[in-house]
Amino acid sequence: MKPGHEPIAGGLGALAASAKALLRERAVIPGTAALLRVNQPGGFDCPGCAWPEGGKRIRFDFCENGLKAVAAETTSKRADPAFFAAHTVAELSARDDFWLEQQGRLTHPMVYTPERDQYVPIGWDRAFALIGETLRGLGDPDRAAFYTSGRTSNEAAFLYQLFAREFGTNNLPDCSNMCHESSGVALGESIGTGKGTVTLADFDESDCILILGQNPGTNHPRMLTVLEEARKRGTQIIAVNPLREAGLMRFIHPKDAVAMLSRSPTSIATLYLTPLVGGDLAVLKGLCKCVLAAEAAAPGRVLDLAFIRAHTEGFEAFADEIRNESWEAIEREGGVSRLEIEEAAEVYCRSERVIACWAMGLTQHKKAVPTIQHVLNLLMLRGNLGRPGAGACPVRGHSNVQGDRTMGITERPAAEFLDRLGHAFGFDPPRGHGADVVQTIKGMAAGKIRALVAMGGNFAAATPDRDLTERALRSCELTVHVSTKLNRSHLVTGRQALILPCLGRSEIDMRGGSNQRVTVEDSMSMVHASSGRKPPASPHLLSEPALVAAMARATLPDSPVPWESMAADYDRIRDKIAEVVPGFADFNRKIDVPGGFYLGNSAGRREWKTSGGMARFTTHALDRITLRDGELRLMTIRSHDQYNTTIYGLEDRYRGVSGERRVVFLNARDLEARGLADGDRVDLIGEDGGGGIRVAKDFRAVAYEIPAGCAAAYFPETNVLVPLDSVAERSNTPTSKFIPVRVSKATAPGRA
Ligand SMILES: Nc1nc2c(c(=O)[nH]1)N[C@H]1C(S)=C(S)[C@@H](COP(=O)(O)OP(=O)(O)OC[C@H]3O[C@@H](n4cnc5c(=O)[nH]c(N)nc54)[C@H](O)[C@@H]3O)O[C@H]1N2
Ligand SMILES: Nc1nc2c(c(=O)[nH]1)N[C@H]1C(S)=C(S)[C@@H](COP(=O)(O)OP(=O)(O)OC[C@H]3O[C@@H](n4cnc5c(=O)[nH]c(N)nc54)[C@H](O)[C@@H]3O)O[C@H]1N2
Ligand SMILES: [Mo]
């Protein structure tokens, strides 16, 4: 890309791309009408990301990628029985993810017939009976696993975990295991909460925002509006990212006609550090080192000693370790110069109210938990926790991934939660820890887990080690996918396989004569209602809560749980949630308020629910990262035209890629060292851990501004390369942002 011609995030490009998405989907509601009810009181929650809608100052906020998510759901295309009759599963398997997505909404419950290698329609009752019989026949409830993706509403999630636990298992893997699990572990241990401590209002007050390992221009576009406003107030924004992401550089709000015509974008980041992939722990240690040095130079002027004394433990050990860390190691491991780190630290120390945001660039690494704990260490040094304008902000992915956890979707439930659940429904929930995503794949591969039920998501494509995962899924007695759209997971069938189509969030959910509301929780712990406005894509769809209730009844015919009654009126589900989940008293009344209610955050009140009752400084050695000769650090990231495994299109406008997804971004020096040129076809070759190799074939090499030694390519095409055993310490999150690979000239055309 030529200097000066870098793309500007938002602007006219966003409007053009949005129009294209609507056209492609032949979306049922013309753009504006649908959008006007997205994220508005009385409307539905955007099925895109988990960035909050605006709390008290609710307003219409245009979002290109939110619109793509709505267009994808409201498409007029249909994958109906005639479609399935025209294709064998083998034929469908040969198609790519973009094509599968383009077939439109699922309309009927379908069952796999091995004789014809096809999906054929099945009645709902027979589908539920099949699930019930198979699950009961497993003998041991731990032979089943119940996966959840993060779009599932609170009501559906609550019923789903209840079903799994009444059936007798805590095998509740979820997408969070691959996403912000590392944040949850780090936050929990350091400050006694699994969630972010800030609200949207804090962004209005902060004078410095750190953005680490996050690409908001693509993945949380509405965040750019907040950053733009902050910039206009003079807030300093420090980006830490190996890539100079367009959304972090310059932005024009697509609603802002004047700026668009005059082309004067707001520059977002005031300082941009570009570490090596996996170099953040070093950079953060460097920042802490500078803060301690500044305090030594001006005692009592830099650290918030009152906060450190009253609220924290472990400071001395932490400070000792940081003082002993050498700049040589910090610069080598971080890939950022001491000078740049000092500059950033100077801004940090000058600022009174600092928020740190982060996403997958920090969470999907071997040292993810220590790295995030160093973000917290850095904040604690100056008391940037639990006061206005300051705090920790893990920016969540899926629109209700945080709410699902609040509702009990976790393989490691707290004892108190189980006590209340058992008490509310009159049963004894299982107490042992269940399987997370990685353990579920291993369990299936070992024949211990024999059935997988998936509430949304795309288990086969989103998880590591595609080959092994596919074998694991195929070995199951039963795979069940509750879905809106056709995806890869449907094509990787167990001995018996079901696709159960459900209502999307944009759709009217009539039960007992009224349009039911559901609720979601955003990344900042605001819970609010969502109700669909659009007629369902097919008359045969069921809502997720209704589906779960029916599965549960078919599996547990004698269950004392009032499944039918709860599925008929979601107010009754909410009444039960109020009984079981802290913070939800008076739930039904609270969601009548536009914008919903704030669940609160203990650390945000400076209450530390850690084992020691204090916020905790933590220490972590800075290990030397070594790669084998010729290997690069590959991070697997999202393009601007996808939602996780859902591919909307083949454009990555902000990175200058058009019409393809099999690209790998490389530093010119690394290209040259391999005798490669920009545009060459290459293979990506990783180790499989057992002495063999894994190959992702036929990518186009793109010369790019990325630190030497690093590479980037899109997920899920690269998931074949992610070893199942390569996980973050303690959170067990696959290390999707650090895959050692060799890059060499493509051997033969064809893909793997
Ligand atoms: N449109 C759209 N919106 C989405 C999604 C989507 O796919 N499409 N997905 C949703 C979900 S589930 C999630 S979790 C979020 C994901 O949101 P992000 O975390 O923003 O998504 P990624 O593309 O994985 O990008 C990670 C960023 O981290 C940087 N990075 C990678 N490795 C490192 C590293 O070692 N250090 C640092 N400092 N940076 C690094 C990459 O350059 C990239 O900018 O977005 C959510 N929103
Ligand atoms: N290599 C690599 N792998 C990764 C990541 C990475 O950065 N790199 N990121 C990880 C992350 S952060 C995440 S969160 C996971 C995502 O993993 P998942 O959540 O499992 O995957 P998605 O692609 O979001 O799921 C898309 C499918 O959900 C279904 N769906 C959409 N809307 C609805 C709905 O309203 N109800 C129901 N029941 N189904 C619906 C559709 O059928 C669609 O095909 O992937 C992880 N995998
Ligand atoms: Mo995610």
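This is a predicted model: local features need pLDDT of at least 70, side-chain atom pairs count only at pLDDT 80 or more; totals for chains, interfaces and linings use all residues.
## Ground rules

Local features are reported at pLDDT of at least 70 and side-chain atom pairs at pLDDT 80 or more, while totals for chains, interfaces and linings use all residues. Residues are numbered from 1 along each chain as its sequence is written, chains are lettered from A and ligands numbered from 1 in the order in which they are written, and side-chain values use heavy atoms, with hydrogens and water left out.

## The site of ligand 1

Let's start with ligand 1, which has 30 residues around it; a residue is near a molecule or strand if one of its heavy atoms lies within 4 Å of it. The closest are Glu245, Gly278, Asp280, Gln642 and Asn644. Sorted by class, this shell holds 11 nonpolar, 15 polar and 4 charged residues. Here Ala, Val, Leu, Ile, Met, Phe, Trp, Tyr, Cys and Pro count as nonpolar, Asp, Glu, Lys and Arg as charged, and the others, Gly among them, as polar. Four elements each supply at least two residues of the shell: helix H11 (216-219), helix H20 (360-363), strand S24 (632-637) and strand S25 (642-643). Helices (H or I, at least four residues) and strands (E, at least two) are DSSP runs, numbered from the N terminus.

Several polar contacts reach ligand 1; such a contact is a pair of N or O atoms within 3.5 Å, and within protein one must be able to donate a hydrogen and the other to accept it, with residues adjacent in sequence counting only if both atoms are side-chain atoms. A polar side-chain atom of Asn241 sits 2.7 Å from an oxygen atom of the ligand. From the backbone, a polar atom of Asn215 is 2.8 Å from a ligand oxygen, and an N or O atom of Met360 is 2.9 Å from an oxygen atom of ligand 1. On its own ligand 1 exposes 920 Å², of which the protein buries 99%; accessible areas come from the Shrake-Rupley method with a 1.4 Å probe, and for residues only the protein chains shown count as cover.

## The site of ligand 2

Ligand 2 is also surrounded by 30 residues, and the closest are Tyr147, Ser149, Ala462, Glu544 and Thr645. Its shell is made of 10 nonpolar, 15 polar and 5 charged residues.

The backbone of Gly457 places an N or O atom 3.1 Å from a ligand oxygen. Of the 930 Å² of accessible area that ligand 2 has on its own, the protein covers 96%.

## Strand S6

Strand S6 (residues 144-148) is largely enclosed by the rest of the structure because 5 of its 5 residues are buried. Buried means under 20% relative accessible area, exposed over 50%, and partly exposed in between (1.4 Å probe, protein chains only).

S6 pairs in the parallel sense with strand S15 (residues 451-455) over 5 bridges; two strands pair if DSSP finds at least two bridges between them. Within S15, Val453 is the bridge partner of Phe146.

Elsewhere, 6 strands close into a barrel of mixed pairing, in the order S24-S32-S29-S31-S30-S33.

## Backbone features

Asn644 is not a glycine, yet has a positive phi of about 50°. It lies in the loop between S25 and strand S26 (646-647) and is buried, with a relative accessible area of 16%. Asp586 likewise has a positive phi, of about 65°, but is partly exposed at 42%. Finally, the peptide bond from Phe715 to Pro716 is cis, with omega near 10°.
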